[in-house]
Amino acid sequence: MSIVVNEVNFVRKCISTENNQEGLWGKLICTNFKVSFIPQDTSPKQKSTLSHLLLGEHDIPLTCLEQVVTVNDTKGKKKVLGSNQKLKFNPTELILYCKDLRMIRFCFEEAGPESARKVCLAIAHYSHPADLQLLFGFEYQGRRYHESKVNGSTPRGLQTPIFDRSSDWDREIKRTNASEWRVCSINQSYTVSSSLPEHIVVPSSLTDQDLMQYASSFTDRRIPMWCWSHSNGSALVRMASLTDPLQLKKTEQKIFAAITKSHPQRNEPFRSDLDKSLPSILDIQSAFVKLRQICILDPFEESEERWLSTIENSRWLEYVRAFLKHSAEMVYHLEGGNSSVILQEEEDRDLNCVVSALMQLMLDPRYRSLIGFQSLVQKEWVMAGHRFLDRCNHLKKNDKEESPLFLLFLDCVWQIMNQYPAAFEFTETYLTVLSDSMWIPLFSTFLFSSSKQRAQHLMDFAKHKAIPQGEDQVVYFPPVWEWSQQFSTKDQTLFNNPMYVGKGAACVQNGEVKTFKRKKAYSSTLRGTPTNLRNGVKGGEESLTRRSSLANELKSELTPVKDLSPSERFFKDWFSRPADLQGLLIPLLMPSHMAFWKLFFLRWVPEACISKGGPVTTYHKLSQLVDEIEILQSQLRQYKGTSPGNTPLTSSGGNPTDQRRMYFQASSPDDPSTPPECLTSSFPFTPTGNLSRRTVQGTPISKFLNGARIWLSTETLANDTV
């Protein structure tokens, strides 16, 4: 579907495998969607395990490009290219810095100089779209919609709620027993606030007229918005700052009184000002820029103290810990203090998204399932108006607005997964793929900064593409949750955690397959699971910490007084008991418990890639074991026949092989299992094709990386004069 804009032959792509110092030879192509490299020799060894349906192994979406750098080694020149710029020298090399932390290098020593120059300019131009509607997703989804109508294929119903209609919020109110809260639709057609969704949940005691009156007192007229309710009646609420000094106290008192009234015991809410308690979006961006330099450019020597100290000095893990710690403290007020919690932030669109989502992840096991987690992101990020367009800087118009808040959130989620691997239905591969999807401009989830912006652009899109009025936007411009557009059913099984202990997990009792039910004895046995398990994988680098010791650590860190505060007592009591994986989860919060997310940050670093090693080797064995158990369960059902207590297989219809939940399937007794050749510590991603830090043929890295280091600092790399 994409249109070829420019191409050049006889290009060498520098790759990082030790046995291929010559690199890959092939054709470099720029389309209106991606940069593609087509090797002359397509040997099976070069194929990635995770096959994207829309992107090849050597493809880069244009929205994934952070910077395009051209180099002429013989003249000693380099230039960072933007849109509509001239290039007065013929490039001998092209360096592409990507937002997913890849750095890819092409050499043009055998290519036609004019063709090489034109393709570089085309890549720079098309990676800086002048308008959102020029992103390839609008063209792609328009064609896909009409082709599906011609073919008579009907899109499958989406399991993940989008929260664009009142019924989705109603279900959430009923699920959490939030009887004192109601769905309010005064923002229909975005008449009250341009950044809130059309439907929000508010205290039942407040009328629509009250809310209309109070709206003008808040930033962008964002009236307080309900997120979640605890079984004890406490609620989690998020709100923007009050801007009207004359009405401030009066409005605040009325809002707080309504939230207090919604509580069964009429307990007063606890308010937290996140702007004063947590790092700013600029702090987070600065930390990420430093971390990106470490992961892309600095020599990788994980065992060296210097490399480890640079990770620490970036402050990224410090900020991850700060958000987890603050979220846990707010969880105490909800669960232990039996008080509603109000999260306040100036615009209620950045830090509130992170903390509210993390709190719900700790409190509610529903959000630790795959569909539940997706609904959490949809509710607390997408519909709440997180500025994805600005924070991702898709149009590359304002670097000052860019900040990786969603990635920070995913890292926080991974930290909890890392400590409680059996509590999550999904894997770190899923989290990594979700992050990568931000840079694929084909889905509505990460393209817009508000529901109103999304609705306006999709309305214009529907008119332009002759899509009938009244057609559901999810049908003609789907969210990222429709994973079948990116991955095969087989590859989607990489999202499934074999260790997951959830309400849907099956067990065998007296020869019958039954759904798992919460039992303290069962979760207590899981409690003995070491904290250094990752998705069921035991890593040797951290020692097992006694859970009860956290109370002492918290005590020494928080207060010198001998008597424990109520919050310290709450944490001490919680860590002294076995964790219920289907209940409240609180992560260990000392600095030593914060781990570096290697799969995400180091997957493209060849020196960090361990062949047939790393956590994936255990994931491989666990998946095979789970697959074998599920086969035996199926055989038991066939042998005993169906009964009311039986649990069917998760999928229905089709070939039995296609129904399996695990990517790695059980081997037969005659065929002993051996780890596949593709298994590495970067699985299912591959560092092949990315710039190696060690010497390769071509220009010495030092000749052109000085400018790149400036780019990776907090300053902006200005174009060289040529």
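Reader: Which helices do the buried residues of α14 pack against?

Author: They pack against α11 (370–382), α13 (405–419) and α21 (598–601), where contact means heavy atoms within 4.5 Å. This is a predicted model, in which local features need pLDDT of at least 70, side-chain atom pairs count only at pLDDT 80 or more, and totals for chains, interfaces and linings use all residues. Residues are numbered from 1 along each chain as its sequence is written, and side-chain values use heavy atoms, leaving out hydrogens and water.

Reader: Why is α14 described as largely enclosed?

Author: Buried means under 20% relative accessible area, exposed over 50%, and partly exposed in between (1.4 Å probe, protein chains only). In helix α14 (residues 428–436), 9 of the 9 residues are buried, so the rest of the structure largely encloses it. Among them are Y430, L431 and D436. Helices (H or I, at least four residues) and strands (E, at least two) are DSSP runs, numbered from the N terminus.

Reader: What is the strand order in the open sheet of 8 strands?

Author: Two strands pair if DSSP finds at least two bridges between them. Here the order is β4-β3-β2-β1-β8-β7-β5-β6, with antiparallel pairing. β4 (60–61) and β6 (77–81) are at the edges with a single partner strand each, so one side of each lacks a neighbour in the sheet.

Reader: Where is K13, and what does its side chain contact?

Author: K13 belongs to strand β1 and stands opposite F106 in β8. A polar contact is a pair of N or O atoms within 3.5 Å; within protein, one must be able to donate a hydrogen and the other to accept it, and residues adjacent in sequence count only if both atoms are side-chain atoms. The K13 side chain makes one with the side chain of H58 (2.8 Å).
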